[in-house]
Amino acid sequence: MRKLLLAVVLAAGANAQTLPFLNDKEISALATELSGEAAKRTVEGFARHHRMRGSSGFHAATEQIVAELKRYGYSDAHIESLPADGKIFYGTQRSRPAWNARFAELWEIDGDTPVTRYASWEAAPITLAQDSSSAEVTADLIDIGAGTREEDYANKDVKGKIVLASDQPGPIAALAVARFGAAGIVSYAQNQKTAWWGENENLIRWGHLETFTPVKTFAFMVSLKTARALQARLAAGERIRLRAKVIAGQETGAYEIATATIPGRELPGEEIVYSCHLDHPRPGANDNASGCATILEVARTLSKLIGERRLAPPRRTIRFVWPAEIEGTLALLNGRPEIAKRIKAAVHLDMVGGGPETKAIFHVTRGPASQPSFIYDVAESVGTLVNDQSAQFASTGKARWPLVAPDGGKEALQAMMSPFSQGSDHQVYSDSSFGIPAIYLNDWPDRYIHTNFDVPANIDSTKLARAGFIAAASGYALARLGAEDEARLLEMLEPFALERRAAAMRRRDANAMKFAEWYEAKMRESVSVFGGGQAILPVRTGRIACPPCYRRNPAIKGPMGAFGYDYFEDKYGKQKLALNNEYRYETLNLVDGRRTAADIRDALSAIYAPIPLADVEEYLAALASIGVILPSGSAP
C-alpha cells in the first residue's frame, strides 16, 4: 500500500501544473539549468568594452556573442549589418553614423607641465562625451553655470575658452561653441535624479553631444566633486589652464545585430524574440550588460535542454537579438521587414541584475494599455511564482525552486508587477505600426545608472538567474502554445481580469469601467488569435470613412521619439504641445481608423487621468500635418 501511495504521489508530482502553460517538469528543468553565475561572468566580459553604436567596442562584444552562440550549438548565429550613414532612414529612425574614439585626455597644466589629469579615455571612456570630435586645445577654464540660457553668458567672454557647465553638452554646445565661440566643454551634468541623487559626488555621468549638428566640438565629463573644486578656485580668482586632446569622430558605419534562432517545428514562420540592448559606455554592467548576458544564458539553457530532450522543441521559432538601444531595433524591424512580420511577441530585458548597492526594484512590466495581450499575464504569473518561491526560501531556507546562485543573494525578489512605462526597445515593438506585444523586465531605480560606478561588482548573480527564469519560462511557453491551450489560458486570465476590473471600479468612473470592459474583451481575443484561431469576439468595424477619424500611415513605422533623433520634432518643429510624451505614445497607438478624437480622449482618460479633448485634437492635427496619420477614408 505504501509503495502504491508513493507511486501515486510521484505521478501527481510529475504531471503537476503549477503554471497553466508549463508543467512542473519543465519549470524544474529551467530552474535548475539557468546559471546566474555564468551570466555574471558574461556581464564582466561585456563591461570591458565601450559599446557605443557602430564602435569597435560594440563590434567586439557582438563577435563575442556570436562565438558563444556557436559554442552553444546555434549554427545560424551571425551578425545582421544594416548601413548607418546619417542619411538612411529606418522608419522613424534617422540612422546615426558610427562614432569611435581612439584617444582623449584632459589635463590641467602649469606652464607646459601637466599637473592634474581630469579625464582619460584609456582609464574611463565615460569621461568623453559621445559624439565628441577631434581637437587639440590649450585654453583657460571659465564657469558658465548651466550653460543653456543666454543669461549664463552675460558679462562673460567665453571665446577661445573651455567652459565648465552643469547641463548636458549637447544643448550647451549650441550656445557656448556655436554662438559664443568657446573652444570646448567640461560638463558635470547630473542626469537620472533618483532619491539617491547627490549622495555620491564622485560619480561621473554619461554625456552626449548632438549627433546631427554642424557644431563639431568636444566635451569631457567630470564628477560633481571635481566640478565644485574647480568652481571654488575660479570664484577665488584663480586662473585654471587646461589642455585637451581628442582623437574621435563620426564615420559611416552600420548597425550590427547579433542574432540566432531555435527553429520552430510546427510554426517556423512565427517567432518569439528575446531582446535587449547591447550599447552603453564602459562599464555599463546593469545597463545593459545584465540584460544581454541574461538572454545569452537563456539561449544556452534552451539549446541545452532541448538538445537533451528535457524540453520539447518549440512550435514557433525562438529568436535572440542584441541591437543598439531603440535605433538598432528600429533598424532591424524596418530593414528586415520579413523578420518583423514573423514576430508574435517580444521578451525584452534592460537592466535586470542590480544588487543591493544599486537600490534597484525589479519590475515585470506590461505592454501599453492600448495593446491588450494575454502575454502580460503570462509574465506576471511567472513573476508571481518567483516572488513566492524566493520569499519562501528567504523565510525558511527551503523552496522547490529557490533560484539562488551560489555566489548570489538569498533575499526575496519582490518583483513589482508594473503598468507600461517607456524607456527601452519594448516601446518600439509595442508601437502600433508593428503591433508586437512585449514583456519588459527591468530594474528601476538604479542609483549608478549611466555612471562610472555601474560595475559588475554591483551585479547579483541570483537576480540574473531569477530574471533569466522569468524570461525563459515566459518566452518558451509562448513558443509552445497551441489552440489546445486556449481554455487553460482563458482560465488564467480570469483572476487578473477581476483585479483589473476592481481597480477600475474603485475609480468610480463610468469611462474607466467602459475601457476596462474593452480591455478584457481584447485580452480574451488575443488568446485565440495568438493560437492561430479566429477572434472569439466580434471585431468592431465602426466608421471606416468618418472624416474625424485617422489611421496610421503604413509607410512610417516606429514611435515618434527615436534615439538621438526625434522624428516628430524634425518634421513638425519645436512648437510646444499640451500632451506629454507618455500621452503622445498612447494617442498614436490608439489611432486605428475607427476611433474619433473623442474616443481617443476617453481611452487616454481611462488609462491615465481626464484630459481636455482639445489637447488630443491638437496632437492628432500635428501628426496629420506631417503625414504620420491619414484620414481613415483616404487611399493607402
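How many of the 10 residues of helix α2 (residues 24-33) are buried? The views below are of a predicted model, in which local features need pLDDT of at least 70, side-chain atom pairs count only at pLDDT 80 or more, and totals for chains, interfaces and linings use all residues. Residues are numbered from 1 along each chain as its sequence is written, and side-chain values use heavy atoms, with hydrogens and water left out.

**View A. Helix α2, residues 24-33.** The buried residues are Asp24, Glu26, Ile27, Ala29, Leu30, Ala31 and Glu33. Helices are DSSP runs of H or I with at least four residues, and strands are runs of E with at least two, both numbered from the N terminus. At the start of α2, the backbone nitrogen of lysine 25 lies within 3.0 Å of a side-chain oxygen of asparagine 23.

**View B. Threonine 294 in helix α7 (residues 285-307).** Threonine 294 is buried, and its relative accessible area is 1%. Its side chain reaches the backbone oxygen of serine 290 at 2.7 Å. Not counting residues up to four places away in sequence, threonine 294 touches (heavy atoms within 4.5 Å) Leu349, Val352, Leu464, Ala467 and Gly468.

Technical notes: Buried means under 20% relative accessible area, exposed over 50%, partly exposed in between (1.4 Å probe, protein chains only). A polar contact is a pair of N or O atoms within 3.5 Å; within protein, one must be able to donate a hydrogen and the other to accept it, and residues adjacent in sequence count only if both atoms are side-chain atoms.
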